[in-house]
Amino acid sequence: GKVLVFPMEGSHWLSMRDVVRELHARGHQAVVLAPEVTVHIKEEDFFTLQTYPVPYTRQGFRQQMMRNIKVVFETGNYVKTFLETSEILKNISTVLLRSCMNLLHNGSLLQHLNSSSFDMVLTDPVIPCGQVLAKYLGIPTVFFLRYIPCGIDSEATQCPKPSSYIPNLLTMLSDHMTFLQRVKNMLYPLALKYICHFSFTRYESLASELLQREVSLVEVLSHASVWLFRGDFVFDYPRPVMPNMVFIGGINCVIKKPLSQEFEAYVNASGEHGIVVFSLGSMVSEIPEKKAMEIAEALGRIPQTLLWRYTGTRPSNLAKNTILVKWLPQNDLLGHPKARAFITHSGSHGIYEGICNGVPMVMMPLFGDQMDNAKRMETRGAGVTLNVLEMTADDLENALKTVINNKSYKENIMRLSSLHKDRPIEPLDLAVFWVEYVMRHKGAPHLRPAAHDLTWYQYHSLDVIGFLLAIVLTVVFIVYKSCAYGCRKCFGGKGRVKKSHKSKTH
Amino acid sequence: GKLLVIPIDGSHWLSMLGVIQQLQQKGHEVVVIAPEASIHIKEGSFYTMRKYPVPFQNENVTAAFVELGRSVFDQDPFLLRVVKTYNKVKRDSSMLLSGCSHLLHNAEFMASLEQSHFDALLTDPFLPCGSIVAQYLSLPAVYFLNALPCSLDLEATQCPAPLSYVPKSLSSNTDRMNFLQRVKNMIIALTENFLCRVVYSPYGSLATEILQKEVTVKDLLSPASIWLMRNDFVKDYPRPIMPNMVFIGGINCLQKKALSQEFEAYVNASGEHGIVVFSLGSMVSEIPEKKAMEIAEALGRIPQTVLWRYTGTRPSNLAKNTILVKWLPQNDLLGHPKARAFITHSGSHGIYEGICNGVPMVMMPLFGDQMDNAKRMETRGAGVTLNVLEMTADDLENALKTVINNKSYKENIMRLSSLHKDRPIEPLDLAVFWVEYVMRHKGAPHLRPAAHDLTWYQYHSLDVIGFLLAIVLTVVFIVYKSCAYGCRKCFGGKGRVKKSHKSKTH
């Protein structure tokens, strides 16, 4: 079949790429649709890259991203951070929206896509652009995602989500909450609604314009046939799910390659102490000098060899045991038996690589869901979380020594690893199966819950409850009235006598 | 590993057998325990059978089944039927309960089970005797079931099921209901507990006595690690599910054998018209003579050869094309390309055999969930439902001719069949995987939702909502009062002037 892929830039693309490669290997044709200006999405031999022009340059895009990362390392008060973060999100979403508008207003490209008659669209709905396009072209979609912020994913799948035991994004709560935590869990989404409103409503008008009818974002997204979630219930808390949700967490750590000579040499030279892998993800290239020196100092105090992915200036106090590299084969290194610990920003990809290779983690969450990820691993005793802004060299040193020397961390992560890897089918095969399924059957309408066709008050049966209550009340009222009437008739005489008696005494 | 199996007699047991066989082939030791009085549960080569004495005989169980089959054809007014059914359910369930009680009070037998050190327990929770044994022996449990009455399964898994689009069993509703159907759904939800209490609450008291702690039926069922549900979303409507529910619908139609010479001969002799398979399940052995003659007449009017599984007296008007047999290889016959239609009581096993072999159905639901099954197939255009009490020979003839000659029925059932059989992993393998999973990991606590630890008002966040409402109301009240106070202060003079003015005019 023919698959149109509309990916999201960044690490999201990297795991989707594996699916595209596998689809190609099974004889499908994939066309990846991306803006001219990209960071990770590049031409490759297992798909055709179709680009479209956008009104910004690579330079500008990169600078924008860099500016955003810098904010993470600035100490400020809570309100300032919140405002700055929402400013960043606004900026990013404006760039993405402009890119989307350029695509959807590109008449000749749309026509070309329409005539290519694709069987389905594979897209990350964090940017709803791909789904708007699919709706316009009238072809079924498979979503590939971690989540959509503000509970839009549960709304669009009609998946119930009781806030009493399902922690909301960014709350850093677990599934067992105290009363006040549950209050927080209920209030948090309200605050986030503002940001989401800003980023998503403009897609709504874009979709309405293209489809020539008034549509809501949730409605557009609800037409996805299958949702492939990069999660599982070893890492996420158990909660209700829907039949068209498929969980493929850990899909990114399936493919393993042998280490290159360079890294093999580093690992072998580490001796009995083994190695520690350190990466803050593809987004963070530079850390403020003072912070970098603090980190370097802490790293120098442990006996393990450190492989630190860092593209910034080399800290002057870097110890002998620390090796700076521009890039490292993270999953392959973590899979090596000598890996003792993993210092990570706790993005979902990194966390899953830590889990499936069974390496205890020291986590420095920077933004977004990383705080939640770190919290989950911490509550399961598989890692230690540090606040990257406030931590000192001592804190990092202690955290590293704890996860390396305290046996319980290794035991806990190994238990999670064995649960995670014990599955009837590998996540990559599962993802490919469902993509092919949607192609074979032209969607999966039998998995679409009827809830989509109900209004909110019908969904909650408020009309039925009101109706039944009205009946009960009417019956009670009639019974009461007739009883009262009956009583008056029966004891009427007596009553009147009493009354008259009473009035006499006055 | 060592697996303890506590099955329930009847067709439920037959599909469990496949799983047990597979587990034995994988090198596990399986012990099946059953009451001495059992009809279908017999010694098998691939498991150890251990029977325990019960205060009733084989004949009593057979009689109960026969009576159930016969009562279906009683032409009683609705209310009398309800009362009769109620009494029968009460009688049968107290018989089965006494069997369970005898097992649990059989100290010697229980002690020997305890000494066997099983790794897990596989049971059908339709009668929660196995659940009590699981708790008594502290074994992780895997449930194997179709569904539990009165939504006990949903309650025990904490699975949300909005009444607005999840039809209640026995309601004959689909997932698309109009207002009055939703009212019906709600009324069933409000009253179903009453019927279930008769069957289930005695198990609660029995368990309280055996486990020496206060337990409800829900407490008995909810610790199950995995729920293997004999359903899927081709037959059932999409609805919320929980991570520890595994769907293995169609598990009973996997194993195909070649037809015996006898049946091969019948099929071959049927010519171009093919065959119709007719069975009302293992429970119905006899049909009132008048009804049987009506059926026989209708069957005689179609050109197909009819294979009728019937153990009652041969109707005198039986036509040449109808062959009565005491037993038939239902799944193998349906799998034959000459199978044109399937007359079934629409038990879930039969329905799945119809779906996976792609044979359109004429359904005569008799009791329980069979009405719902028939409704589901009918709304999907894969069969026609008849009321067995009211139907005439003409009705049956027409229904048969419709499903055989109207192409749409065959097309619809073939579409369902292709959707049903398109799955990443076969249901039998999936069931075996999850039983082994629970044995390997000694349960699956990470799949247990935190909702189990909440009270009902906490689950629905009523306390949080109340708290937030109280705050809002307090703030509103204070603001209102202070405004009022402020107004009085500011416009106090004026107000008083006006007042005095007013009073003057009077």
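**Note on disulfides, cores and one buried serine**

1. The link of A:Cys100 and A:Cys129 is right-handed, with 95° about the S-S bond. Helices here are DSSP runs of H or I with at least four residues, strands are E runs of at least two, and both are numbered from the N terminus. The sulfur atoms of A:Cys100 and A:Cys129 are 2.0 Å apart. The cut-off for a disulfide is a pair of cysteine sulfur atoms within 2.5 Å.

2. Some ground rules. This is a predicted model, in which local features need pLDDT of at least 70, side-chain atom pairs count only at pLDDT 80 or more, and totals for chains, interfaces and linings use all residues. Residues are numbered from 1 along each chain as its sequence is written, chains are lettered from A and ligands numbered from 1 in the order in which they are written, and side-chain values use heavy atoms, without hydrogens and water.

3. A:Cys100 and A:Cys129 are both buried. That term means under 20% relative accessible area; exposed is over 50% and partly exposed is in between (1.4 Å probe, protein chains only).

4. A:Cys150 is joined to A:Cys196 by a disulfide, S to S 1.7 Å. The torsion about this S-S bond is about 80°, so the link of A:Cys150 and A:Cys196 is right-handed. The pair connects distant parts of the chain, 46 residues apart: A:Cys150 is in the loop between strand E5 (141-145) and helix H6 (152-157) of chain A, and A:Cys196 is in helix H7 (residues 179-211) of chain A. A:Cys150 is buried at 14% relative accessibility. A:Cys196 is buried at 8%.

5. In chain B, a disulfide links B:Cys253 and B:Cys356, S to S 2.1 Å. B:Cys253 is in the loop between strand E7 (245-247) and helix H9 (261-269) of chain B, and B:Cys356 is in helix H12 (residues 348-357) of chain B, so the bond ties together parts 103 residues apart in sequence. Both B:Cys253 and B:Cys356 are buried.

6. Over all chains there are 6 disulfides. For chain A the pairing is 1-2, 3-4, 5-6. A:Cys159 is in no disulfide; its nearest cysteine sulfur belongs to B:Cys159, 9.5 Å away. From B:Cys159, the closest cysteine sulfur is that of A:Cys159, at 9.5 Å, too far for a bond. A:Cys159 is buried at 6%. B:Cys159 is buried at 7%.

7. The largest nonpolar core holds 247 residues. Such a core is a set of buried Ala, Val, Leu, Ile, Met, Phe, Trp, Tyr and Cys residues joined through side-chain atoms within 4.5 Å. A:Leu228, A:Met377, B:Leu4, B:Trp227 and B:Leu228 touch the most other members. Apart from this core lies another, of 34 residues, including B:Ile302 and B:Met391.

8. Beyond four places in sequence, B:Leu4 touches residues including B:Val31, B:Ile33, B:Phe118 and B:Leu139. Contact means heavy atoms within 4.5 Å.

9. B:Ser93 belongs to helix H3 (residues 78-104) of chain B. B:Ser93 is buried, at 9% relative accessible area. Its side chain reaches the backbone oxygen of B:Lys90 at 3.3 Å. Beyond neighbours within four places in sequence, B:Ser93 is in contact with B:Val198 and B:Val199.

Key:
Polar contact = N/O pair within 3.5 Å; in protein donor to acceptor, adjacent residues only side chain to side chain.
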